[in-house]
Amino acid sequence: MSRIGFLGTGHIAAPIARLMSAKGHDITVSRRNTQVSAQLQAELGVTVAEPQEVIDASDILFLCLRPQIVADVLAPLVFRADQQIVSVMAAVSTEQLRELCAPAADFVQTIPLGFLQSGGCPLAAYGNDKLLANLFEPENAVVTVADEAVLNAHFAICAMVPGVLDLMATGSDWLASQTGDAASAEFYTTQLISGFLAAMDKGDAGRLATERDALATDGTLSLQMTETLQTEGAHDVLRAALTAIGKRLENG
């Protein structure tokens, strides 16, 4: 088992720490944020320490800081050459990591979502993908990417998750306006979408379009829905949002 530290202890770090603890690793977390770190200490028995103490106590470090503060937090700290770094910070490049974490030089950048604690979260990996696989597989599949530009494109797709949830919330609200039962409407909407996706075959290119077309056949309500979304520009808006997010990540 490994000694694993977390700099930044928030909504991304917490489920990773829980999974790493369940796998038997020795966990040290920084006090940021104090409420989450205290909860993890009470729940898992992790050590809570100051940032330099986290580094000193760890062989593998998860960097879970907000990009706008990463330089201020990391610049005063001293890393070791033998340490391995896992960055889950969007818009923080490998070049920046090498400068801020020197002499450490073994990095992997990835894109986690909180449900990885339960398994089934694909992790795009740029850098030492074997480190990530050793930590997270088989519960969560590691998808190796060729460069930072491709990694940023995967970051952009991750931003679709709250976008899809936003659309589902709108659909649920509409259903509730028809039924008068908001709780039942949200349950039905959530169970419908999550159940379909859970049962769908995954991995083959074109599978999403195949499943869509199997539902949206001539004369169906499903076809009316997909055609309306196309003609009203929903897909153009999505592409524009993904492109804008990609450019934001590229520019840091």
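Buried here means under 20% relative accessible area. By that cut-off Cys-64 makes the buried list, because its relative accessible area is 16%. Keep in mind that this is a predicted model.

**The sheet**

Eight strands make up an open sheet with mixed pairing, in the order β3-β2-β1-β4-β5-β6-β7-β8. Its edge strands are β3 (47-49) and β8 (142-144), each of which pairs on one side only. On average, neighbouring strands of this sheet are turned by 25° against each other, ignoring direction.

Helix α5 (residues 94-101) touches β4, β5, β6 (106-110) and β7 (123-127), and its direction makes about 135° with that of β6. Helix α7 (residues 148-158) touches β6 and β7, with its direction at about 160° to that of β7.

**Strand β4 and its neighbours**

Now zoom in on β4. On one side, β1 runs parallel to β4 and is joined to it by four bridges; in that pairing, Ile-4 has Ile-60 as its bridge partner. Strand β5 (residues 84-87) also runs parallel to β4, again with four bridges, and here Leu-61 stands opposite Ile-85.

Which way do the β4 side chains go? Ile-60 and Phe-62 point one way, Leu-61 and Leu-63 point the other way, and all of these are buried.

A pair of aromatic rings is described by the distance of the centres and the angle of the planes. The count for this model is two aromatic pairs, and they look like this:

| Pair | Geometry | Centre to centre | Angle between planes |
|---|---|---|---|
| Phe-6 and Phe-62 | stacked | 4.9 Å | 10° |
| Phe-62 and Phe-136 | edge-to-face | 6.1 Å | 90° |

Are its members buried or exposed? Phe-6 and Phe-62 are both buried. Phe-62 counts as buried because its relative accessibility is 0%, and Phe-136 does too, because its relative accessible area is 2%.

**The cysteines**

Back to the sulfurs. A disulfide is a covalent bond between the sulfur atoms of two cysteines. How many disulfides does the model have? The count comes to zero. Cys-64 is in no disulfide, and the nearest cysteine sulfur, that of Cys-101, is 12 Å away.

**A serine in helix α2**

One last stop: Ser-37, which sits in helix α2 (residues 34-44). Ser-37 counts as buried because its relative accessibility is 3%. What does Ser-37 touch, not counting residues up to four places away in sequence? Its contacts on that basis are Thr-9, Val-29, Ser-30, Arg-31 and Val-48.

Technical notes: Residues numbered from 1 in each chain as written. Predicted model: local features only at pLDDT ≥ 70, side-chain atom pairs only at ≥ 80, totals over all residues. Heavy atoms only, no water. Helix = DSSP H or I, 4+ residues; strand = E, 2+ residues; numbered from the N terminus. Buried < 20%, exposed > 50% of the residue type's maximum accessible area, 1.4 Å probe, protein only. Contact = heavy atoms within 4.5 Å. Phe/Tyr/Trp six-rings, centres within 6.5 Å; stacked < 30°, edge-to-face > 60°. Disulfide = S-S within 2.5 Å. Pairing = 2+ DSSP bridges. Axes fitted to C-alpha atoms, helices over the stretch in contact; angles between N-to-C directions.
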